[in-house]
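Hi,

Here is the structure I promised to pass on. Have a look first, and then read my notes below.

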Amino acid sequence: MLLRLFNENPNPREVRKIVEILRNGGVIVYPTDTVYGLGCDITNQKAVEKVARYKGIQIEKSNFSFICSDFSHLSDYTKPISSSIFKLIRKNLPGPFTFILNANNNVPRYFKGKKKTVGIRIPDNNIIREIVSELGNPIMSTSVHDEDEILEYTTDPELIHEKYGEIADVVIDGGYGELVPSTIIDCTSDEPTIVRQGKGELEF
């Protein structure tokens with residue numbers, strides 16, 4: 001299903017419909033403030049495994065991130081962070097950044113394996129933030145962007161639907177996406193380190 005939503009004012013009825021699909025183990029493709037994402041409810045192991053199989057990766061070795069609706073999810077899934085790191089995150093989110101933080105025990109164990117970190121995203125996009133807010137917990141996110149190829153389908157929702165229709169229960173058309181992914185910042189030590197420079201220019 002290809003479903004059109006508008007970033008300025010996502011239709012609440014359609015948002016609830018998408019959330020119901022997520023709660024039932026569905027997979028969605030959705031817009032962010034960078035590239036389109038593929039994801040599901042982090043608490044649904046079967047849905048997470050389905051996405052991992054589709055991407056051809058093991059969950060515990062993956063770099064899936066969590067899309068959050070606001071800062072309250074930080075303390076839900078991460079260990080306490082320093083005031084300087086918190087200020088850095090507050091200054092740059094919502095925005096095109098992924099912050100890698102130390103995970104706490106609330107992160108479902110099938111994500112962690114030997115890893116003890118979690119990537120946190122709060123995109124500057126009302127559609128996905130409204131969906132996550134209605135769901136009540138983060139969704140797992142992986143990019144539909146191909147690192148090795150710049151292809152038109154990664155920006156055009158209709159072409160994304162053609163490619164991902166076999167796995168996604170809903171592809172949300174939120175307008176054309178971008179080809180540049182988020183900037184990734186590792187905040188697991190005292191000094192934050194930019195792991196990948198993407199769309200966002202980090203403000204310290």
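What follows is a short tour of the sheet, the helices, the cores and the salt bridges.

A word on the ground rules: this is a predicted model, in which local features need pLDDT of at least 70 and side-chain atom pairs count only at pLDDT 80 or more, while totals for chains, interfaces and linings use all residues. Residues are numbered from 1 along each chain as its sequence is written, and side-chain values use heavy atoms, with hydrogens and water left out.

**The sheet**

Start with the open sheet of 10 strands, which has mixed pairing and the order 1-8-2-3-7-4-6-5-9-10. Helices (H or I, at least four residues) and strands (E, at least two) are DSSP runs, numbered from the N terminus, and two strands pair if DSSP finds at least two bridges between them. Strand 1 and strand 10 are the edge strands, each pairing on one side only. On average, neighbouring strands of this sheet are turned by 35° against each other, direction ignored. For angles like this, axes are lines fitted to C-alpha atoms (for helices, over the stretch in contact), and the angles run from 0 to 180 degrees between N-to-C directions.

Some pairings you can find by eye. Strand 2 (residues 28-30) runs parallel to strand 8, joined by 2 bridges, and there Ile28 sits opposite Val170 of strand 8. Further along, strand 5 (residues 97-102) and strand 9 (residues 183-186) are parallel too, with 4 bridges; Ile100 has Asp186 in strand 9 as its bridge partner. Strand 9 also pairs with strand 10 (residues 193-196), this time in the antiparallel sense over 3 bridges. Ile184 is opposite Arg196 in strand 10, and a hairpin of 6 residues connects strand 9 to strand 10.

**Helices across the sheet**

Helix 1 (residues 12-23) lies across strand 1, strand 2, strand 3, strand 7 (139-143) and strand 8, and runs at about 70° to strand 3. Helix 6 lies across strand 2, strand 3, strand 4 (65-67), strand 7 and strand 8, at about 150° to strand 7.

Buried means under 20% relative accessible area, exposed over 50%, and partly exposed in between (1.4 Å probe, protein chains only). At the start of helix 6, a side-chain oxygen of Asn125 comes within 3.0 Å of the backbone nitrogen of Ile127. Just after the helix, Gly136 has a positive phi of about 95°.

**The cores**

A nonpolar core here is a set of buried Ala, Val, Leu, Ile, Met, Phe, Trp, Tyr and Cys residues joined through side-chain atoms within 4.5 Å. Which members of the 41-residue largest core touch the most others? They are Val29, Phe66, Phe99 and Phe111. Elements giving two or more residues to this core include strand 3 (37-41), helix 2 (45-55) and helix 7 (157-164). Helix 2 gives the most, with 4 residues.

Leaving aside its neighbours within four places in sequence, Val29 is in contact (heavy atoms within 4.5 Å) with residues including Tyr36, Leu38, Val144, Ile160 and Val171. There is also a second, separate core of 17 residues, which includes Leu5, Ile127, Leu135 and Ile139.

**Salt bridges**

How many salt bridges are there? The count is 5, taking a salt bridge as a side-chain nitrogen of Lys or Arg within 4 Å of a carboxyl oxygen of Asp or Glu. Here are three of them.

- Asp173 and Arg4 have their closest N and O atoms 3.7 Å apart. They link distant parts of the chain, with Asp173 in strand 8 (residues 170-173) and Arg4 in strand 1 (residues 2-4), 169 residues apart. Asp173 is buried at 14% relative accessibility, whereas Arg4 is partly exposed at 41%.
- Lys91 and Glu203 come to 3.9 Å. Lys91 is in helix 4 (residues 83-92) and Glu203 in the segment after strand 10, 112 residues apart. Lys91 is partly exposed at 47%, and Glu203 is partly exposed at 46%.
- Lys199 and Glu178 come to 2.9 Å. Lys199 lies in the segment after strand 10, and Glu178 in the loop between strand 8 and strand 9, 21 residues apart.

Enjoy exploring!

How values were computed: Polar contact = N/O pair within 3.5 Å; in protein donor to acceptor, adjacent residues only side chain to side chain.
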